[in-house]
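Work through the exercises below with the sequence and the model in view, and try each task before reading its solution.

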2 protein chains.
Amino acid sequence: MTGSGKGPRERMVFSAAQLIRRDGVGATGMREVAAHARAPRGSLQHYFPGGKEQLVNEAVAWAGRYAGRRVARFTAGLAEPRPSGLFAAMAGQWIEEYETTGSLAGCPVAAATVDCAASAASTREAAAAAFAGWRGPVTEALTGLGVPAARAEPLATLMISSLEGAIIMARAEGGVGPLKTVARELGPLLDAAVAPGHAGGAGA
Amino acid sequence: MTGSGKGPRERMVFSAAQLIRRDGVGATGMREVAAHARAPRGSLQHYFPGGKEQLVNEAVAWAGRYAGRRVARFTAGLAEPRPSGLFAAMAGQWIEEYETTGSLAGCPVAAATVDCAASAASTREAAAAAFAGWRGPVTEALTGLGVPAARAEPLATLMISSLEGAIIMARAEGGVGPLKTVARELGPLLDAAVAPGHAGGAGA
DNA sequence: AAGTATGTATGACGCCGGTCATAGTAGCTC
DNA sequence: GAGCTACTATGACCGGCGTCATACATACTT
């Protein structure tokens, strides 16, 4: 997650995502993105002729892909292959970040939605695509964990919704309480959706 | 919800909440708020000497009180007194708004959190207070509906989180799908938390 | 060596934001 | 009717924003 390896273009997209995550779209300036990415300011108009809107959209898309990949990795590394474990891992990523950095930034996709859904159609669509690219792997993971196909996608939507909402409440409260609460409360409910007779993980 | 009755001060707070809800804090201008409230621009510095931050904080507080009162009214008017009914009513308010107005604004508390949590401590606290003032009535309602005291507050947190997240996803997708999905999936899980033997509503 | 993409570097422009300063206008008391 | 308070009304200021225009440096082609 250093983001300083690749080319300047990627770094700028990455930096944009980070800054949007923390301050929202409106309060994130183009110059600021370039500075944060240690990229030349002139490269902005070179790589993103579509201006800020394009940059924001790419940052959102990047975040969506990142979240999707992350889910796949979580699923592969679950100690106890149950839906609750996946959800705990998703929430745990945010808890861990808070406890590491001491402060909690939000989700760039949510920020872009809040700030742009009503004003920039392309950004709204980028956010929708990002959510779809996140929900997909979650849905697959759930089916792989034994959730009936018909319920996998709705439950994936519920998981992502709860997580997004908990992130916001956690930021407001200045603590990870809501994230832990949501993980604790929703987990068992998700496990209950596993088809009976499915070969669970370690315990039961 | 007309908001044009009371004095100019209240109207401005209300207008601020509405505009923030739609465009986010950053994209909402002070002049715009005054114009929307049909209030004189000079009144801004008169009523809100603390500037934009104060106005935003009051808008957030207003939204929190509104949400809390709303929950109390939902609870009183439930056809089937079950947790799922309350949650459906909460989500239904948003669905209805979308189907009435044709577009979906967000929650002002969420918007303020996303845009200000990292930059304005007072706004972050206002948002936390607003969430608390929303969660309180939900918690009470759940206990009144038969949810054991120990689980009422965590489940209230889960409900609000899911709703907030679903609102964001719905805005991104440009449709109420996520709201309906979340209501459908979470409702039964909430009902299952009702203490056994509790005198439920109509059916079971 | 000339030429041409590709990327970098700045400076300027216009705009709109929040805020300040300063008047002006009721409505009320004494 | 003088004086005070509450509110309204503007205009100006300064700063930051996104964007544009333009010039410069590479690096690869032919």
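## Exercises on a predicted model

**Exercise 1.** Decide whether Arg73(A) counts as buried or exposed, and then place Arg73(A) in the chain.

*Solution.* The structure is a predicted model, and the first step is to take the relative accessibility of Arg73(A), which is 60%. Exposed means over 50%, so Arg73(A) counts as exposed. The next step is to find its place, which is in helix H4 of chain A.

**Exercise 2.** Work out how the rings of Phe14(A) and Trp62(A) are arranged, and which parts of chain A the pair ties together.

*Solution.* Begin with the total, which comes to six aromatic pairs over all chains. For the pair of Phe14(A) and Trp62(A), the ring centres are 5.2 Å apart and the planes stand at 85°. Planes over 60 degrees apart count as edge-to-face, so the pair of Phe14(A) and Trp62(A) is edge-to-face. Phe14(A) lies in helix H1 (residues 8–23) of chain A and Trp62(A) in helix H4 (residues 51–76) of chain A, so the pair ties together parts that are 48 residues apart in sequence. Phe14(A) has 10% relative accessibility and therefore counts as buried. Finally, Phe14(A) and Trp62(A) form one aromatic cluster together with Tyr66(A).

**Exercise 3.** Describe how helices H4(B) and H6(B) pack, and state which residues meet.

*Solution.* Helix H4 (residues 51–76) of chain B and helix H6 (residues 108–116) of chain B pack at an angle of about 140°, with their axes 9 Å apart. H4(B) and H6(B) are therefore oblique to each other, and their crossing is left-handed. From H4(B), the residues Val56(B), Val60(B) and Ala63(B) meet Pro108(B), Val109(B) and Ala112(B) of H6(B). Sorted by kind, the residues of this contact divide into six nonpolar, no polar and no charged.

Conventions:
Residues are numbered from 1 along each chain as its sequence is written. Chains are lettered from A and ligands numbered from 1 in the order in which they are written. This is a predicted model: local features need pLDDT of at least 70, side-chain atom pairs count only at pLDDT 80 or more; totals for chains, interfaces and linings use all residues. Side-chain values use heavy atoms; hydrogens and water are left out. Axes are lines fitted to C-alpha atoms, for helices over the stretch in contact, and angles run from 0 to 180 degrees between N-to-C directions. Helices (H or I, at least four residues) and strands (E, at least two) are DSSP runs, numbered from the N terminus. Angles under 35 degrees count as roughly parallel, over 145 as roughly antiparallel, 65 to 115 as roughly perpendicular and the rest as oblique. A crossing is left-handed if the near helix is turned anticlockwise from the far one by less than a right angle, and right-handed if clockwise. Contact means heavy atoms within 4.5 Å. Ala, Val, Leu, Ile, Met, Phe, Trp, Tyr, Cys and Pro count as nonpolar, Asp, Glu, Lys and Arg as charged, and the others, Gly among them, as polar. Rings of Phe, Tyr and Trp (its six-membered ring) pair if their centres lie within 6.5 Å; planes under 30 degrees apart count as stacked, over 60 as edge-to-face and the rest as tilted. Buried means under 20% relative accessible area, exposed over 50%, partly exposed in between (1.4 Å probe, protein chains only).
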